[in-house]
Amino acid sequence: MKYYQQEMECASRDALRAIQSERLVRTVRHVYQNVAYYRDLMDKKGVGPDDIRSVDDLPKLPFLTKDDLRDAYPYGLLAVPLHDCVRIQSTSGTTGRRVVAFYTQEDIDLWDECCARAITAAGGTKDDVVHVSYGYGLFTGGPGLNGGSHKVGSLTLPMSSGNTDRQIQFMCDLGSTILCCTPSYAAYLAETIAAQGRRNEIKLKAGIFGAEAWSEEMRRDIEAKLGIRAYDIYGLTEISGPGVSFECEEQTGMHVNEDHFLAEVIDPDTGEILPEGAKGELVFSCISKTAFPLLRYRTRDICVLSRKACSCGRTLIKMSKPMGRSDDMLIIRGVNVFPSQIETVLLGAGFPANYQIIVDRVNYTDTFEVQVEMTPEMFSDTVKQISTREEELLASLRAMLGISPKVTLVAPRTIARSEGKAVRVIDKRKI
Ligand code: DLL
């Protein structure tokens, strides 16, 4: 491996397990002593801190869900006195009450370390100019990558999201080499750079994109348009933020920082722990944090874990790209539909990743429309050619999904662009 890295990233399985066990035991004692909510949950399950002696005992602990976080809002899961905390971050709260996460200075240092690992895995060093276009503020994206970039010692541009012309100007003037933002904003930046004819003025070599689902096709599209390698990064506010896992040069899944976060995959219906390689809901336990160390937190993200040896030399377990959230899944006319399946078909057929899925219910029947932007070249085709494209796309979508949406091709740049997480689905049944 070429770059700065922490010893733990390449530790032997035994060394890692020893550290994990020690940290888990300590964290369980800490929450049992300091968090009444946990104590109640553990007591109800008949498990005490002395029952947890190593990582093998993890399954004895109760699960924690987003509902628990809502019930305990805002201070109910805080495990240290408030005066020991130096920061809060929060989720957008689009699906109910906001989740507020607390951090001590040590928790922030640990988070920075995780993001530093992600930046170095993407080839970042002290000589890089890291352009952070994730939102700053309550959202964890900006602060997380900002802290990681400082830790690596790179020059950090705290751009935040929005003001796309200024982003591109700074990128050209200051020679940004690593771009950090959501994949949908990266696609929009790429589109705008091309429209402004400034592709030759940018010096980007890598991108660290996450916070939302994106397909392999979208990766290839962004890589080609910006002339970079695009790396995935995953995380969630409840567990710390970005950097829970990150991609290395192999680009075949994200290494989980499992010296800090234990990963399990469970059957979302039964809670049964699934073997490595099986698809299920991702569950994390924080074993090094002090202010807000959630244990066995059910993320609702669906993915697969793998311990297959990685050519980069890291021994940390890998998670696949999340294949959608269990709560992202649409049920349309009784069929399960993930927006990521639609994106795969669209990009595979040469369409840009600008689309919207509109679901409604008329006379007790679900209606399902996919609006897709055409590229400028497609838009200049004849009406007959456009309707042939529509028919071909419909056939591919039907083959992938098992049901037929109405496909509407729309003019370039008519679907609203996103500076943060893209809004792909409008489900009018819920309005
Ligand atoms: O999105 C943290 C983050 C910021 C991750 C910047 C990566 C980069 P939340 O707003 O709490 O936190 O949303 C967490 O976003 O449970 C996933 O469903 C989704 N998500 C995050 N990263 C990815 C990814 C941040 N790489 C929720 N691929 C998670 C797919 C992702 N989904």
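Predicted model: local features only at pLDDT ≥ 70, side-chain atom pairs only at ≥ 80, totals over all residues.
**Helices H1 and H2.** I looked up how helix H1 (residues 13–34) sits against helix H2 (residues 36–45). Their axes come within 6 Å and cross at roughly 105°. Angles of 65 to 115 degrees count as roughly perpendicular, so I logged H1 as roughly perpendicular to H2. I then listed the residues that meet: Val 28, Val 31, Tyr 32, Gln 33 and Asn 34 from H1, and Ala 36, Tyr 38, Arg 39, Met 42 and Asp 43 from H2. Sorted by class, this contact of H1 with H2 holds six nonpolar, two polar and two charged residues.

**Strand S10.** Is strand S10 (residues 261–266) largely enclosed or open? Five of its six residues are buried, so I noted S10 as largely enclosed by the rest of the structure. I next checked its pairing with strand S11 (residues 280–286): the two run antiparallel and are joined by six bridges. Within this pair, Ala 263 is opposite Phe 284 of S11.

I followed strand S17 (residues 355–362) into strand S18 (residues 365–373). Eight bridges join them, and they run antiparallel. Asp 360 has Thr 367 in S18 as its bridge partner. The hairpin of S17 and S18 has two residues between the strands, and Asn 363 there takes a positive phi near 50°.

Which way does S18 run relative to strand S19 (residues 406–410)? I found the two parallel, with five bridges between them. For Val 370, the bridge partner in S19 is Val 407.

Note on methods. Residues numbered from 1 in each chain as written. Heavy atoms only, no water. Buried < 20%, exposed > 50% of the residue type's maximum accessible area, 1.4 Å probe, protein only. Helix = DSSP H or I, 4+ residues; strand = E, 2+ residues; numbered from the N terminus. Pairing = 2+ DSSP bridges. Axes fitted to C-alpha atoms, helices over the stretch in contact; angles between N-to-C directions. Parallel < 35°, antiparallel > 145°, perpendicular 65-115°, else oblique. Contact = heavy atoms within 4.5 Å. Nonpolar A, V, L, I, M, F, W, Y, C, P; charged D, E, K, R; others polar.
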